[in-house]
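Q: I'm new to this one and would like to learn how to read it. Could you walk me through a few features, one by one?

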Amino acid sequence: MAAMTLNSVNFGAAKAMNFEYVGLKMHQNITSARPHSVKFVPRGLIVNAEAQGEGPVKKLGKSDEECEAAVVAGIVPEAPPVPPKPAAPAGTPLATPLPLSRRPRRNRRSPVLRAAFQETSISPANLVYPLFIHEGELEGKKILQLEQCLDAIGLGGDMDLWKRLFSLVAKAQDVGVNSIVLFPKVPDALKTSTGDEAYNDDGLVPRTIRLLKDKYPDLIIYTDVALDPYSSDGHDGIVREDGVILNDETVHQLCKQAVSQARAGADVVSPSDMMDGRVGAIRDALDAEGFQHVSIMSYTAKYASSFYGPFREALDSNPRFGDKKTYQMNPANYREALIETRDDEAEGADILLVKPGLPYLDIIRLLRDNSSLPVAAYQVSGEYSMIKAGGALKMIDEERVMMESLMCVRRAGADIILTYFALQAARCMCGEKR
Ligand code: PBG
């Protein structure tokens with residue numbers, strides 16, 4: 001704003017000359033005059049750059065006509081006093097300017113400059129919205145808690161599942177979020193030790209995909225490939241009687257699960273189980289069935305993290321015994337993520353995912369620097385809950401911390417972010433306050 005005001009005045013002697021050029025020329029004159037004009041003349045023209053955006057910008061009192069008349073008459077205003085010196089508080093020490101050749105704050109001094117030099121951006125197109133689906137009526141407290149956690153409040157518990165699902169998808173699309181990832185909660189009666197419900201073509205997930213694709217053909221649907229929602233043991237793989245999670249046998253099931261999801265219309269199948277060799281096997285299985293166009297987003301570096309707590313609580317998906325440390329990665333490990341990256345790349349993954357997000361920014365950056373594939377990050381339930389709780393307790397500004405956390409994940413190198421904030425953040429990006 002200030003620069004524009006200045007220019008429109010500085011075109012004074014311009015008359016018949018080219019606008020652009022004259023503007024430049026006048027500017028040079030002003031610049032050369034600067035070192036000598038130390039006199040401070042308070043005028044409406046002076047705008048403290050730092051105040052821009054925060055306070056009202058002072059305007060020249062002149063109308064366009066008056067400006068034009070001044071230009072025609074050759075009246076050129078005085079150069080602004082340099083440097084403008086608003087009063088510092090009493091007691092501010094008198095300091096000789098430091099002899100700095102570089103003052104990084106110069107590029108941060110106004111909203112326009114800050115916007116011009118912003119290195120990272122984020123848009124609703126970068127977000128994937130996780131949606132939780134369950135069979136039939138509301139099953140009580142746990143799912144309700146989850147819906148709160150999903151910020152789906154206001155949808156009402158009376159509407160049936162499909163209406164609520166459609167309504168959420170429509171709301172997300174309204175603000176530019178066209179990607180969702182589905183997580184099912186299946187009744188215990190359907191869970192077995194080999195998780196066969198995972199590849200039932202008429203199971204909850206395939207039916208949901210078909211319904212959504214029918215109504216929203218452009219919606220990109222990511223699915224979760226893992227046995228835990230279908231396993232009576234609550235593990236991502238088949239458990240042997242001695243407690244060992246079987247790898248290759250599990251991969252066999254995962255291939256059937258992925259193909260079943262692809263058949264229903266899934267766009268991106270996302271193995272989150274951390275079994276070895278599953279990406280290659282799933283690729284082969286998809287291709288063998290004619291699903292060459294279906295992408296694989298591999299959970300490349302998924303850590304055995306306590307940040308999954310709220311998710312497991314809500315879906316009642318805690319492992320029935322033990323933990324997931326024989327397949328999910330040790331949070332202390334960094335190099336190991338590279339091994340997984342190389343394997344997933346070689347096996348044909350289309351997208352590499354890091355999970356959780358914010359505590360693992362170094363891993364996101366590691367993958368970004370070591371692969372040309374798109375990188376995804378999952379801001380998980382624990383991260384989401386901490387920001388929500390901090391906001392509710394008025395300990396932090398929820399909206400700002402939400403946006404900052406997402407921007408930081410992008411800065412670390414993630415192309416897309418799976419986040420429960422997707423709807424809220426996209427609304428915020430679209431300028432909708434709520
Ligand atoms: C497992 C799965 C997990 C999450 C989604 N799918 C983690 C786990 O239970 O090991 C966690 C997501 C979250 O915490 O938001 N297939």
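Predicted model: local features only at pLDDT ≥ 70, side-chain atom pairs only at ≥ 80, totals over all residues.

Q: How many aromatic pairs does the structure hold?
A: There are 11 aromatic pairs. One of them is made by tyrosine 378 and tyrosine 420, which are tilted, with 6.1 Å from centre to centre and 55 degrees between the planes.

Q: What do that distance and that angle tell me?
A: A pair of aromatic rings is described by the distance of the centres and the angle of the planes. As for position, this pair links distant parts of the chain, 42 residues apart: tyrosine 378 belongs to strand 9 (residues 375-379), while tyrosine 420 is in the loop between strand 10 (416-419) and helix 15 (422-429).

Q: Are tyrosine 378 and tyrosine 420 buried or exposed?
A: The cut-off for buried is under 20% relative accessible area. Tyrosine 378 counts as buried because its relative accessibility is 1%, and tyrosine 420 counts as buried because its value is 2%.

Q: Which ring does the charged end of lysine 355 sit over?
A: That would be the ring of tyrosine 308, with the charged end 5.0 Å from the ring centre. Another case is lysine 215, which lies over the face of phenylalanine 166 at 5.4 Å from the ring centre.

Q: Where is lysine 355 in the chain, and what is it in contact with?
A: Lysine 355 is part of strand 8 (residues 351-355). Leaving aside neighbours within four places in sequence, its contacts include Tyr299, Tyr303, Tyr308 and Tyr378. Lysine 355 is buried but has no salt bridge, and the nearest side chain of opposite charge, aspartate 224, is 6.0 Å away.

Q: What kind of peptide bond joins lysine 355 and proline 356?
A: First the general idea: most residues other than glycine have a negative phi, and most peptide bonds are trans. Here, lysine 355 and proline 356 are joined by a cis peptide bond, with omega about -5 degrees. Proline 356 sits in the loop between strand 8 and helix 12.

Q: And phi? Which residues have a positive phi although they are not glycine?
A: Methionine 274 is one of them, with a phi of about 70 degrees, and lysine 394 is another, at about 60 degrees. Methionine 274 is in the loop between strand 6 (268-271) and helix 9 (278-288), and it counts as buried because its relative accessibility is 4%. Lysine 394 lies in the loop between helix 13 (381-392) and helix 14, and it counts as exposed because its relative accessibility is 73%.

Q: How do I read the buried side of a helix?
A: An α-helix has 3.6 residues a turn, so residues three or four places apart point the same way. In helix 12 (residues 361-370), Ile363, Ile364, Leu366 and Leu367 are buried. Seen down the axis, the buried residues of helix 12 fall within an arc of 160 degrees, so they line one face of the helix.

Q: What covers the buried residues of helix 12?
A: The cover includes strand 7 (295-302), helix 11 (336-347), strand 8, strand 9 and helix 14 (398-412).

Q: How many helices and strands does the chain have?
A: The chain has 15 helices and 10 strands. Of its 434 residues, 46% count as buried.

Notes
Residues numbered from 1 in each chain as written. Heavy atoms only, no water. Phe/Tyr/Trp six-rings, centres within 6.5 Å; stacked < 30°, edge-to-face > 60°. Helix = DSSP H or I, 4+ residues; strand = E, 2+ residues; numbered from the N terminus. Buried < 20%, exposed > 50% of the residue type's maximum accessible area, 1.4 Å probe, protein only. Lys NZ or Arg CZ within 6 Å of the ring centre and 35° of its normal. Lys, Arg positive; Asp, Glu negative; His and termini not counted. Salt bridge = Lys/Arg side-chain N within 4 Å of Asp/Glu carboxyl O. Contact = heavy atoms within 4.5 Å. Arc of directions from axis to C-beta.
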